[in-house]
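Biologist: Please take a close look at a single part of this model, and then relate that part to what else can be said about the chains.

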Amino acid sequence: MSRKRSEKEYQKTAEFHFRRWLEGSKDPFLDTVELKPQKKFAEEDAVTKKRQQELNELRLALYDKNKNRVVKGFEVLYKICSPLFCILIIGALLIAVSFLPPEGNASNPVNNEVEARYLEAGLQETGAVNSVAGMILNYRAFDTFGETNVLYIATCCVMILLLVEDDKIRNKLQLNDREFEPRNDVILQKVAMLLVPIVFMFGIYVMLNGHLGPGGGFAGGAMVGAGLILYVSAYGTKKTQRFFNEKIYTVIKVTALCLYGLLMVYFYYTGANGLDNHIPLGIPGNILSSGLILPINVLVGTEVACTMYAFYALFRRGDV
Amino acid sequence: MLDFVQNFPCFSILLCMFAGIISSALNGKSAKLLNRCVLILITVMSAVLLVYLVGKGESFVYVAGSFPAPWGNELRAGVLEAGMALFFCIIMLLSLLGGGYKLDLELEHGKEKLYYIMINLLMSSLLALIYTNDMFTAYVFVEINTISACGLIMIRQWGRTIEAATRYMIMSLLGSGLLLMGLVFLYGITGHLLMSNIHTQVVQIAATETYRVPLMVTIALICVGLAIKSALFPFHNWLPDAYGYSTVSSAAILSSLVSKGYIFLLIKIIYRVIGFNIIQDSKVINILFVFGLAGMIFGSLSAMKEKDIRRMIAYSSVAQIGYIYMGFGLGTTAGMIASIFHIISHAASKSLLFVSAAGLSDVSGDSTDFFDLTGAAYRNKAAGAAFTVGSLSMVGLPLFAGFISKLLFAQAAAISSSWKMLPTLVVLALSTILNAIYFMKTVVRIYTPVKWNAVLHSKVTIKDNPVTAFALFLFIVLNILLGMCSQPVMNLINSGLHMFA
């Protein structure tokens, strides 16, 4: 038989106490539990400052070899180990070199059919008197196209680092290249007036004569680039930009590389598919001879000259 | 007369170069469009080439120019080369799609076109490394690869990326220098630069025992040079900064393509230049094996210590590169197949991880710190799911690409008869556990609910960024495809290796 318990009776039972403890309104061991909201953690300004300062000191001390024994130990170890390592590698390489075939021996592995054909049939097959030009621009044209692209991508990388596109930022950075130099230096200008045409002429001569004698696109382009740099340093940017500004630079660079690429596509395609490439080799020794080598030399020279000048201008002003 | 398809290797390399050259005359938007078009075109061309080569059943040589080998330059394409080119193109395209939105935010105004120049030339150099049959061509394109990778790192102009790029350049140039020295030695003792001709000469040298010392030094120089460039364990110090702080697509491309390009070149050198038997007999391969094992452990340990998610993923790359070199080190064909499969599966998962990690840090106040990332998967659901898939693949759960490569490694180790079996299996198990610890820790962290913090948190849905979500979806599909249908890929690798020899 069940009966209803009174409130008072119920409050004495263990069940009631447990329930109150569970709800958190009453702790059986204490009086009423006090629930206070947690205070937000607040640090005093002085403490924060001190902590920051200590952190900074720690950072400085971390790489101070007098305070950090690990760094000191590493430095000592580095000083001992790096020469040992270098000596070891130098020794290994020297030993390996001593086993290599002696220089200039006729029976060396390098004196094989490859070299023989380059030297003996090169003149006839490429039409170039300069057999180095024949080798790099005709037999191994693919590598040289890659090498020209190395120059191009190097300029692009320098542009990533140094190019300042916006005129406002450039003014702010005060990238004025003639701030610390004498303006209109008479001696420099007179000498440049005499030298620049000669340098240009010689550079172009080396470029055009690449298949007949020493030189070629890379050497000639470097000379033309040097001439441009001399002109800029004597007459300043403003005068140079009348005939060589960023727009012209981009157009010349892209045109030269694209033409080079197109010539190469034609050369590879006809060569690989066994087609006749219709490029006359001419009489060896003439200026208009040796097929593709002459135009390629000119194009490579243009690209190299642009690269040289762009490097100079980028390092100086952050702009071409 | 060649079939027209056989021109595709040369065309795809030159197309990339043209795109790179023309990009400098365009503005950022057109350069981007051109880059995408060229990449899609090359993907299609590589796929056609792959189908053609599978049908033909043998590799072919393409004479670049009118002079045949050994006088002129040559390209060579087999099933493995075409397959790799196709795969690299797909990963490149997906990485650019997935990380493209970040470029607008992180690049200095007006330098987008320079980024695409770097991407185009990097792609051309990767394709050239895959297809070339000439050691010196390989070196020239290694140079392009190095410079463009530096550009990709430092184009996000920030103190840490400049420092990372400097480090990368120093280490990478050291690697190039060693490779070049190796090539000089090789030319000195064989007199050739073309891979097949060098191989015949090397076989003779090995048979007659002349020039034995220079040959060993050459193998060591080339292996160490390429190991530095692909961040094998003791030479990995440049890696966490370079991958951790550069812009997302750069990190994805660097980790999944650039280092893999060098490893593929090393595979080519092992098979086509020196010869697999001679490499097996030399002791250099044991060194690669030991370094690979050490990398598997120490890379994972460093990753566990990291509190920065990007750097953790970067350190995990060190461990994965260790797996690949461990496969080389086994010195068996099965090990090599496992390594090549791991190149593919790692590239697919690592780029996925980088892109999704960027998505996660976007909704956590651009922070890459673990603590801030708590609950990020609820705020960016696509990235969270993608990160989980990538992690599971890295840990090696069945269904995903990583499982197959781990299975292949274990099988290769089990059937190898040398002393290498036990250490491989033990380290493989240990490394898997370590992988699971740090990747699962991150997955649990991003799926832990956290109270909304108005300053730090934001929400990104699929509709906000459909391109990235699409790229992530394709990445996941690729990963599961590799995990579920691995047999066709394995068959391709197998027939490709047969064509190599």
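Modeller: In this predicted model, B:Glu209 is exposed, because 8 other C-beta atoms lie within 10 Å, and the cut-off for that class is 12 or fewer. B:Glu209 is placed in the loop between helix H7 (195–208) and helix H8 (212–229) of chain B. As background, most residues other than glycine have a negative phi.

B:Ala231 belongs to the loop that runs between H8 and helix H9 (239–245) of chain B. As to its surroundings, B:Ala231 counts as buried because it has 31 C-beta neighbours inside 10 Å, where 20 or more are needed for that class. Thus B:Glu209 is exposed, whereas B:Ala231 is buried.

Elsewhere in chain B, B:Val38 sits in helix H2 (residues 28–56), and B:Val38 is counted as buried because 24 C-beta neighbours are found inside 10 Å. When neighbours within four places in sequence are left aside, the residues in contact with B:Val38 are B:Leu15, B:Cys16, B:Ala19 and B:Asn120. For one of these, B:Cys16, the C-alpha to C-alpha distance to B:Val38 is 6.9 Å, although 22 residues separate the two in sequence.

Turning to the contact between the chains, 44 residues from chain A and 52 residues from chain B take part. On the side of chain A that touches chain B, the elements that give two or more residues are helix H4 (69–98), helix H5 (113–120), helix H8 (141–162) and helix H12 (246–272) of chain A. Of these, H8(A) provides the largest share of that side, with 15 residues. Sorted by class, the side of chain A that touches chain B holds 29 nonpolar, 9 polar and 6 charged residues.

Finally, for chain A itself, the domain assignment gives domain 1 (46–95) and domain 2 (129–317), and the C-alpha centres of domain 1 of chain A and domain 2 of chain A are 45 Å apart.

Note on methods. Residues are numbered from 1 along each chain as its sequence is written. Chains are lettered from A and ligands numbered from 1 in the order in which they are written. This is a predicted model: local features need pLDDT of at least 70, side-chain atom pairs count only at pLDDT 80 or more; totals for chains, interfaces and linings use all residues. Domain bounds come from an automatic or database domain assignment. Helices (H or I, at least four residues) and strands (E, at least two) are DSSP runs, numbered from the N terminus. Two residues are in contact if their C-beta atoms, placed from the backbone, lie within 7 Å. Ala, Val, Leu, Ile, Met, Phe, Trp, Tyr, Cys and Pro count as nonpolar, Asp, Glu, Lys and Arg as charged, and the others, Gly among them, as polar.
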